[in-house]
Amino acid sequence: MNLILLFAATAIIGIPTATVWLLGRRAKVPSWMLTVFLLAGWLTVLAGWVLSQRAQPFLFPETSPCYGTSGTPVSQYFPPDSFCRYDDGELRTVNGANSKLMFWSAANTTLAVMIGAAFLRRHQRSRS
């Protein structure tokens, strides 16, 4: 079982990270920029997954925010959010503004570093 988990972690996290790192180094993107890009990118993925799955009772049903109410969990994947749908049809979010702010900050940082790397690469080409 541990071997399967190790293989899955390598396939899901290790290979994409190594690929981005190697492609970035080949394009002569600075190491600090690649590090910020990878950290912000993985934070975006993790925060998005947590935000979209928060109301789902998959491991411990009694910890779901919809547990004990007449609400049914509903997930939205982009922008990531979780809701409880009540009998009257109303959707109420279970994620607060701070968690959404963390997701959008990480997503915008990822995008800004990617754009910055493109400008840096273009500037390096024009100088040589």
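Buried is used throughout for a residue with under 20% relative accessible area, exposed for one with over 50%, and partly exposed for one in between, with a 1.4 Å probe and protein chains only. The structure is a predicted model, in which local features need pLDDT of at least 70, side-chain atom pairs count only at pLDDT 80 or more, and totals for chains, interfaces and linings use all residues. Residues are numbered from 1 along each chain as its sequence is written, and side-chain values use heavy atoms, with hydrogens and water left out.

**View 1. An aromatic cluster is formed by F78, F103 and W104.** Searching the whole structure gives two aromatic pairs, where rings of Phe, Tyr and Trp (its six-membered ring) pair if their centres lie within 6.5 Å, and planes under 30 degrees apart count as stacked, over 60 as edge-to-face and the rest as tilted. F78 and W104 make an edge-to-face pair, with 5.7 Å from centre to centre and 75° between the planes. Because F78 lies in the loop between β1 and β2 and W104 in helix α3, this pair ties together parts that are 26 residues apart in sequence. F78 is exposed, at 61% relative accessible area, while W104 is partly exposed at 36%. The pair of F103 and W104 is also edge-to-face, at 5.0 Å centre to centre and 75° between the planes, and F103 counts as buried because its relative accessibility is 5%.

**View 2. Helix α2 spans residues 31–53.** Helices (H or I, at least four residues) and strands (E, at least two) are DSSP runs, numbered from the N terminus. The 23 residues of α2 reach 33 Å from the first C-alpha to the last, close to the 33 Å expected at 1.5 Å a residue, the expected span being 1.5 Å times one less than the number of residues. Among the buried residues of α2 are M33, L34, L38 and L51, and the cover over its buried residues includes α1 (2–26), β1 (72–77), β2 (80–85) and α3 (97–127).

**View 3. G24 is placed in helix α1.** With a relative accessibility of 8%, G24 counts as buried. Apart from its neighbours within four places in sequence, G24 is in contact (heavy atoms within 4.5 Å) with V29 and L34. G24 and A117 are 93 residues apart in sequence, yet their C-alpha atoms are 8.9 Å apart in space.

**View 4. L59 lies in the loop between α2 and β1.** L59 counts as exposed, because its relative accessibility is 62%.
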